[in-house]
2 protein chains.
Amino acid sequence: MKIVAAKKILKANDQQAAEIRSQLDAAGVFGVNLVGSPGAGKTTLLEALFAKLKGRVKPAVIEGDIAGTIDAVRMEEIGVPVVQINTDGACHLDANMIASSIDGLDLSSVDMLVIENVGNLVCTAGYDLGERLRIVVLSTSEGDDKAHKYPAIFQGSQAMFITKTDLLPYTKFDVERITADYKRLAPNGEVFLVSAVGGEGIAEAADWLETRCNKPR
Amino acid sequence: MKIVAAKKILKANDQQAAEIRSQLDAAGVFGVNLVGSPGAGKTTLLEALFAKLKGRVKPAVIEGDIAGTIDAVRMEEIGVPVVQINTDGACHLDANMIASSIDGLDLSSVDMLVIENVGNLVCTAGYDLGERLRIVVLSTSEGDDKAHKYPAIFQGSQAMFITKTDLLPYTKFDVERITADYKRLAPNGEVFLVSAVGGEGIAEAADWLETRCNKPR
């Protein structure tokens, strides 16, 4: 595991992000920016998806956290190459942090690079990281009003993964309401209902990710 | 309901916060800054606490949200005076926003002013709002690693309210682990286990809040 400290912004974010996108495209690597609240279940979702994609897609991960390496250790434990970025208080990753981190990965043996952003529904919305796909992770226990209250992050996304569907019987989460709100913000966005605990929807989501990963760019 | 748009920062935050604290103290109003992730259950907790404190403490609320008035409407529905601040994308409230909002409240009929911050475990940590008490709300469904991953917001707090304890049987949340992490960051911090659904711990938390509210400042 490499650990990269956040640096000062060196280049304008959009310019740096465009360069990363070109770099990843040239290397045949599909970039995914995974965003969501703290505790939405981003890391657990990755564990479930990578297990399903074993032998089909070679993943690598960049973990963004304010502090610590808890999530990166979990990725190492399942054999996924990982770089940890500690943002030292910053509430989101930016393209310069990603540019510094990519050097720590052997892109020639990677099909899909998932950037797990800092847990934050607000700040992460404003920063293109050079990805081809932005996925918002929202857990059923967070409530179905989140697209209404935090529109920007949903608006810029290509998919919403509703996690922890195993908790649906114990919450008042209305899947139809959040889906309608989401579709207003992202008319072409895909919606997946998944449970890493029960396995619901993981196979379908993994198939979709693999298809997107293999699509010519 | 008054709606206040976020303005440019006019005064240094700490100076403005100190002025708010003096203003609230002079008016006999106890200020609370309520922080937590999106969907941690902050508004639902307030509904439960205010129901329990009815006739004992006169509350008012300032609601901070990126967009919308969902939470402010909920406060109006239970008869609590409320001012909505829309931050227009900003990931936290600041003392200047609070200063603008307080004018919308009749402080002479308020004992406790709860500022429900934007759902965010990161940005909210850096901004004193002139409160006397900062409470971090963390739901059991968010996972027990949050104090480790987002230390700053816990460090500056006087209490942690662990919400949604009704979901404990369905999650792997370890109360002892999070409490130990929290106590390392905030040795004098109080910990309450509450469920707005089942009512667990609400009476004790309300009693504690009332005591803090009535303590001479």
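A:Phe154 is in contact (heavy atoms within 4.5 Å) with A:Val136, A:Lys146, A:Ala147, A:Met160, A:Tyr182, A:Leu185 and A:Ala186, leaving aside its neighbours within four places in sequence. This is a predicted model: local features need pLDDT of at least 70, side-chain atom pairs count only at pLDDT 80 or more, and totals for chains, interfaces and linings use all residues. Residues are numbered from 1 along each chain as its sequence is written, chains are lettered from A in the order in which they are written, and side-chain values use heavy atoms, without hydrogens and water.

**Nonpolar core**
- The largest nonpolar core has 39 residues, and A:Phe154 and B:Phe154 touch the most other members.
- Such a core is a set of buried (under 20% relative accessible area, 1.4 Å probe, protein chains only) Ala, Val, Leu, Ile, Met, Phe, Trp, Tyr and Cys residues joined through side-chain atoms within 4.5 Å.

**Interface area**
- Chain B and chain A bury about 2400 Å² between them, 62% of it on carbon and sulfur atoms.
- Buried area is the accessible area (1.4 Å probe) that two parts lose on being put together, summed over both.
- B:Pro38, B:Ile70 and B:Lys149 supply 24% of the area that chain B buries against chain A, more than any other three residues.
- Each chain's share is given by count: 31 residues from chain B and 31 residues from chain A.

**Salt bridges**
- Four salt bridges (side-chain nitrogen of Lys or Arg within 4 Å of a carboxyl oxygen of Asp or Glu) are counted between chain B and chain A.
- B:Lys149 and A:Asp71 meet through their side chains in a salt bridge, at 2.7 Å, N to O.

Definitions and conventions: Buried means under 20% relative accessible area, exposed over 50%, partly exposed in between (1.4 Å probe, protein chains only).
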